[in-house]
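This report concerns the packing of nonpolar and aromatic side chains in one protein model. The sequence and coordinates are shown first, and the description follows.

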Amino acid sequence: MNMYCRTIKPYINIIFLFLLLFSHVTLRAEPMYVPISIAEAQSLTKQIRLAPENTRKVDMLLDLAYFHMEKEFHSDRRLDSASILLARAGQLANRLFYPKGIVTTKVLMGLCNTYQGKDEQAMGLYKQVIASAARFKLFELEGRAWHLIGLQQDVKTRVLSFKKAIACYQKVKDYGRIGHLQNRILFTGNYAAVGRYFPGYFPISPAFIPAVKKELSGKITQEKKIDLLLKLASIYIYRSGQQDAHLDSAIALLSLAGQLSEKTGNRQGYNEALLLKTSAYREKGKMPEVYKILKKLTDTSKTKLLMNFANHYYNIASLNTGEDRKLYLDSCMIYYKLALQQSIAIKNMKYAREVMKKTIEVLDALTGFGNINPQEHYALVSKNAPIIGFPSKARLYSIYASYYNNTGNFYKALYYTQLMEQNLKPDLDHDDKYWVYYTLVAIYKNKNDLKKTNEYYLKIIDLASSSYNTIIIYSYVNAYIKQLILLNQPLKAQQYLKEIVKKIPFRNDADNLYYHVAMGNYYKSLNNFQEAEKSYKLALRYAGANWDREPKFELADLYARYGKFKLANQTLIPHGAVPMYKLNKTNLKFLDLQARIDSGLGSFNTAYPKLSAVRKLNDSIYAVSKDRHTQELEFQYRTQINQAELHAKDLNIQLLKKNAALLTQSAKTQEIQLRQAGLLVQKKQADLKLKEKNIALLNESTRLQESILQKQGFERQVAIGAAVLLTLVSVLFWRLYHLKRVSNAQLHLQQQNIEASYGKLQNVLKEKDWLLKEIHHRVKNNLHMVMSLLESQSAYLQEDALDAIQKSQHRIYAMSLIHQKLYLSDDVKTIKVSHYITELIEYLKDSFEVKRIDICLDIDDVEIEVATAVPLGLILNEAVTNSIKYAFDKDEKGKIDIALKVSDRSFELRMADNGKGLPKGFQFDKASSLGMKLIKGLSGQLEGRLSIESGGGTKICISSIPLDYQQRLNLDKEYEHTGSENGLQAL
């Protein structure tokens with residue numbers, strides 16, 4: 001882990017390049033693609049010397065620079081050469097005003113700085129790229145800049161940067177990079193058993209150290225302070241080339257974070273501090289301290305550390321072979337077992353599932369060290385799978401079947417294949433489904449069952465197209481097409497290729513590669529040499545250095561079929577000697593093709609050994625196939641015997657069921673007879689009971705007649721009372737109905753009066769709105785007339801008077817623009833400040849004919865009232881005019897930043913330039929110029945706090961300006977005789 005933590009930082013910044021190995025581009029002036037070959041670099045060097053000064057030369061310089069950057073990553077000489085070429089490309093792109101070349105140069109310069117460890121300079125360049133790319137609508141380059149920025153940030157900020165990159169790629173419909181980034185976000189956000197900063201899988205750039213320290217020195221909450229201390233400590237621990245002093249500083253920061261966490265009861269912060277301490281102590285080689293911390297940890301933090309130990313041994317094992325590798329894998333298994341027990345004990349199934357996945361990977365790796373019993377070897381998995389819910393039974397059986405298939409025990413492989421298919425349920429998760437389908441494809445392919453193989457190939461493709469983004473879909477499409485060709489179904493293969501392209505777009509260059517290989521195989525099956533050759537060559541365009549084996553083999557086979565043995569020999573990748581223990585059809589095909597090519601070229605001395613090897617391989621494969629066939633027949637025989645035994649058992653069960661049915665029928669017959677005998681006795685008893693009931697009924701009839709007579713007398717009395725009551729109710733209802741009619745008539749009359757009044761008010765309101773718009777229109781026209789009069793008068797004035805007239809014109813325009821906005825908008829009370837400030841600045845730029853000064857706006861979209869807009873526009877007019885006229889020398893380039901930011905119920909206006917600043921000894925309170933008086937007076941009118949600074953330019957800030965005009969109006973009553981009076985008198 002020590003070596004791993006030190007080396008992960010440089011490589012994290014090039015993960016994107018590795019994962020986008022297949023991102024083929026037609027225009028090579030791109031920041032992310034596979035670098036050109038040495039031959040292409042030599043050719044480009046010659047072309048650059050003779051090329052004219054155009055955009056093509058810029059692209060060639062960028063290609064060559066990227067070649068030097070990526071050819072030898074650790075070579076300073078290469079990076080220096082790349083820097084020189086990038087400088088030339090940048091200068092030429094600027095002279096030609098080639099935006100794409102300018103922005104791409106900055107991206108590559110940022111990468112170059114990253115490789116040299118200059119993270120701060122790289123971040124600055126990436127931010128420039130974002131601004132420039134957005135300006136020129138180079139969304140792909142903007143997305144890449146956001147991606148590179150995200151790689152240098154913590155987990156939370158990284159995800160936000162990646163989402164911004166996705167938004168940029170969506171504008172250019174770059175679905176390959178969108179899918180890649182979505183996977184990165186999923187990996188970053190859902191990676192189990194990691195903390196916010198532990199164990200350094202996502203290291204933060206040291207360029208953030210000054211910003212973190214500055215934030216720590218400010219007024220922040222205890223929770224925020226704990227987080228910043230952890231963040232700063234993680235930068236010291238996981239930075240590349242860290243020293244003991246860095247680790248000591250990290251330990252001190254973590255101790256402070258732990259103490260604060262204990263005081264505030266922040267258990268998460270306390271555990272994170274302990275975990276980061278273990279990384280620091282391991283870097284210092286103090287393992288006893290690490291084990292002490294392990295005893296203190298509880299809950300998920302203990303699982304995190306145990307998994308980190310296991311991952312450490314797994315990474316070391318990947319760098320070793322033989323017994324050393326087995327030793328590290330065994331150590332890895334010990335910690336994974338402890339992590340699994342801890343996860344189950346605390347009932348955290350998310351971590352348990354992640355540990356189980358890793359455990360299966362390690363157990364798979366250990367199967368290569370001698371013969372094993374899979375049931376015993378994977379006992380830990382099968383024991384805990386029901387508790388965790390992973391892996392499913394089908395996945396577990398696929399592990400057994402895969403092992404037996406790979407070790408030649410085809411009988412048991414087929415047995416577990418049956419169990420797999422029986423437990424292959426629709427609700428399995430995608431990961432389990434993929435591995436089960438993959439295993440079934442391998443087994444049925446060995447069985448030479450092309451129909452079943454194709455069935456599961458199609459299931460893998462459907463699974464990948466729905467949500468399994470990490471599968472290279474078209475590699476399985478290519479395999480499926482090969483099976484169709486073997487089944488002599490080329491037309492079906494052609495139809496499927498047409499449909500799959502419409503259904504599933506290419507996600508990366510790997511998909512392009514395998515699609516064109518599949519097309520080449522289809523054309524080769526039809527003996528269409530030209531189209532097959534064209535398809536294979538297209539596939540090679542998308543192949544990287546490690547992915548050209550299959551297209552080159554297929555192209556070489558095509559050439560050999562048509563007697564072009566020289567071309568075939570030049571194309572085929574040298575396969576070398578094939579070990580006899582690697583018995584597979586791929587090795588056989590390569591050796592056979594090499595032998596055919598050598599024979600065609602007349603090299604019989606090299607062809608004969610290869611033919612001998614082919615014959616031996618054929619014999620070995622035939623023996624294996626025969627053994628597999630024998631095992632398959634034995635399995636079928638055993639299956640038939642089992643089926644026969646099951647059939648006999650079924651017959652016995654059916655016979656027993658029939659006997660049971662006969663016995664049941666006999667019992668029912670006896671029961672019926674007994675019931676009939678009992679019915680006679682019951683009938684006599686029923687007759688006696690009936691007589692008794694008749695006597696009782698007669699008595700009851702007498703009593704009933706008496707009660708009827710009484711009831712009839714009572715009903716007569718009730719009828720008379722009801723008639724009287726009904727008469728009274730009818731009179732009452734008639735009275736209520738009469739009152740309701742009178743009330744409804746009155747209400748209807750009142751409603752008519754209200755509607756008439758409402759119509760009059762609507763007309764008055766419309767007239768008022770029209771009058772307000774007319775007033776604003778006439779005020780705007782009057783102000784423009786004043787501006788025209790002043791412009792006419794300026795022709796007869798001297799320089800000072802002319803300057804005063806022009807200033808007045810600008811102030812009047814600032815006010816007239818507000819009235820124009822109000823006249824043109826539906827709302828006559830407020831205007832959108834972003835539109836107003838943008839037009840005002842454009843007017844000032846046109847008035848002074850400014851081209852050398854760049855004015856940058858950062859305005860929140862908010863609406864303000866006229867009483868706020870007028871002084872705001874006048875202040876902007878004074879500040880920008882002063883900056884343009886006095887902040888920069890003649891022909892000096894400069895920059896003016898204007899920002900208006902809203903927070904809660906107030907807003908803040910900031911204006912800054914990078915000019916020469918205010919004169920030495922300048923005191924704002926004693927300033928006598930009209931412009932400064934206006935700014936001060938109008939700031940008071942806005943009830944804002946005014947501050948002016950001079951250093952690296954002039955900065956003016958007016959903060960805490962109330963958004964609510966009524967609130968400010970109450971304050972203005974107290975202020976009307978002071979600052980506002982001065983500002984208005986000055987105007």
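## Packing and aromatic pairs

In this predicted model, residue A252 belongs to helix α13, which spans residues 244–264. A252 has a relative accessibility of 48% and is therefore classed as partly exposed. Between A252 and L229 the C-alpha to C-alpha distance is 9.7 Å, with a separation of 23 residues in sequence.

The largest nonpolar core comprises 177 residues, and the members that touch the most others are M69, I461, V477 and I481. Helix α12 (residues 222–238) is the greatest contributor to this core, supplying 10 residues. Beyond its neighbours within four places in sequence, M69 makes contact with L79, A82, L86, L108, L111, C112 and Y115. A further core of 42 residues lies apart from the largest one; among its members are L876, I884, L909 and M911.

The relative accessible area of L732 is 51%, and because the threshold for the exposed class is over 50%, L732 counts as exposed.

The structure contains 23 aromatic pairs. Two of them are compared by geometry below; each pair of aromatic rings is described by the distance of the centres and the angle of the planes.

| Pair | Centre to centre | Angle between planes | Class |
|---|---|---|---|
| Y434 and Y438 | 6.0 Å | 35° | tilted |
| Y444 and Y456 | 6.1 Å | 5° | stacked |

Y434 and Y438 both lie in helix α23 (residues 430–446), and because they are four residues apart, about one helical turn separates them.

Y444 is buried at a relative accessible area of 6%, and Y456 is buried at 3% relative accessibility.

Ring pairs also link a cluster of tyrosines, made up of Y378, Y397, Y400, Y403, Y404, Y415 and Y416.

Note on methods:
Residues are numbered from 1 along each chain as its sequence is written. This is a predicted model: local features need pLDDT of at least 70, side-chain atom pairs count only at pLDDT 80 or more; totals for chains, interfaces and linings use all residues. Side-chain values use heavy atoms; hydrogens and water are left out. Helices (H or I, at least four residues) and strands (E, at least two) are DSSP runs, numbered from the N terminus. Buried means under 20% relative accessible area, exposed over 50%, partly exposed in between (1.4 Å probe, protein chains only). A nonpolar core is a set of buried Ala, Val, Leu, Ile, Met, Phe, Trp, Tyr and Cys residues joined through side-chain atoms within 4.5 Å. Contact means heavy atoms within 4.5 Å. Rings of Phe, Tyr and Trp (its six-membered ring) pair if their centres lie within 6.5 Å; planes under 30 degrees apart count as stacked, over 60 as edge-to-face and the rest as tilted.
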